[in-house]
Amino acid sequence: MVKSVFHKKLMNTDFAIIVFNQNSKLTNRLVEVAFDEVENLISKYSRFLPGSEISQINNSELSKIEIKPEMYSFCKYCNEIGNLTDGVFDYTILDLLQAIGYSKSYVEGENFSQKSIEQIQRLIKKRKNFLDIKLIKEDNKYYISKDPEIKIEFGGFMKGYAVDK
């Protein structure tokens, strides 16, 4: 049995796949498929890609937007986790991330200014969150209903989902 370790940086995270197998061709192909699946998720759900479904939702001025079934499932799951954690998990934190300057990547240990901390504290008190999102399924179509100022962000959720998938 041969141990093979594959690394790839995706979603600003180091993904590692460890495989024990005798067939290196099969191993290489399966690892390639796994990394392709993560890249597929990124193309659909990265807030940094203008054409992604999440960017289209975040940039829409409509209060009711038709979404794909997978997006509906993700939002529904994130709402459930938000409720279970009394709001500790909140996938509508994009405004807070932007307030601290997290626009593309975050350097571990990076410090934020007192000004940005105070700005976040003010935002938290008045901001809308996942509780203000309504998910609708009607006539075999799926919709998200939200105030256009609510922006969703799947970063933390999507990394866990990618690993599980």
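Ala, Val, Leu, Ile, Met, Phe, Trp, Tyr, Cys and Pro count here as nonpolar, Asp, Glu, Lys and Arg as charged, and the others, Gly among them, as polar. This is a predicted model, in which local features need pLDDT of at least 70, side-chain atom pairs count only at pLDDT 80 or more, and totals for chains, interfaces and linings use all residues. Residues are numbered from 1 along each chain as its sequence is written, and side-chain values use heavy atoms, without hydrogens or water.

**View 1. Confidence along the protein.** The mean pLDDT (the predictor's confidence in each residue, from 0 to 100) is 87. Scores of at least 70 are reached by 92% of the residues. Helix 5 (residues 114-126) has the lowest mean, 74. Strand 5 (residues 141-145) has the highest, 98. Helices (H or I, at least four residues) and strands (E, at least two) are DSSP runs, numbered from the N terminus.

View 2. The structure holds 10 aromatic pairs. Rings of Phe, Tyr and Trp (its six-membered ring) pair if their centres lie within 6.5 Å; planes under 30 degrees apart count as stacked, over 60 as edge-to-face and the rest as tilted. Tyr45 and Phe154 are edge-to-face, because their ring centres lie 6.1 Å apart and their planes meet at 70 degrees. The pair links distant parts of the chain, 109 residues apart: Tyr45 in helix 1 (residues 24-45) and Phe154 in the loop between strand 5 and helix 6 (155-164). Phe154 also pairs with Phe157, tilted, at 5.6 Å centre to centre and 55 degrees between the planes. Both Phe154 and Phe157 are buried (under 20% relative accessible area, 1.4 Å probe, protein chains only). Ring pairs join Tyr45, Phe74, Tyr77, Tyr91, Phe154, Phe157 and Tyr161 into a cluster.

**View 3. The largest pocket.** Its volume is about 470 Å³. A pocket is an open set of points on a 1 Å grid over the protein atoms alone, where a 1.4 Å probe fits, with protein on both sides within 12 Å along at least five of seven lines; lining residues have an atom within 4 Å of a point. The lining has 22 residues, with Phe48, Tyr102, Glu153, Gly155 and Lys159 nearest the centre. Helix 6 gives the largest share, five residues. By class, 13 are nonpolar, four polar and five charged.

**View 4. The second largest pocket.** Its volume is about 150 Å³. Helix 1 gives the most to the lining, with five residues. Lining residues include Phe15, Ala34, Glu37 and Lys165. Nine are nonpolar, none polar and two charged.

Note on methods: Buried < 20%, exposed > 50% of the residue type's maximum accessible area, 1.4 Å probe, protein only. Points joined across faces, edges and corners; volume = space filled by probe spheres on them.
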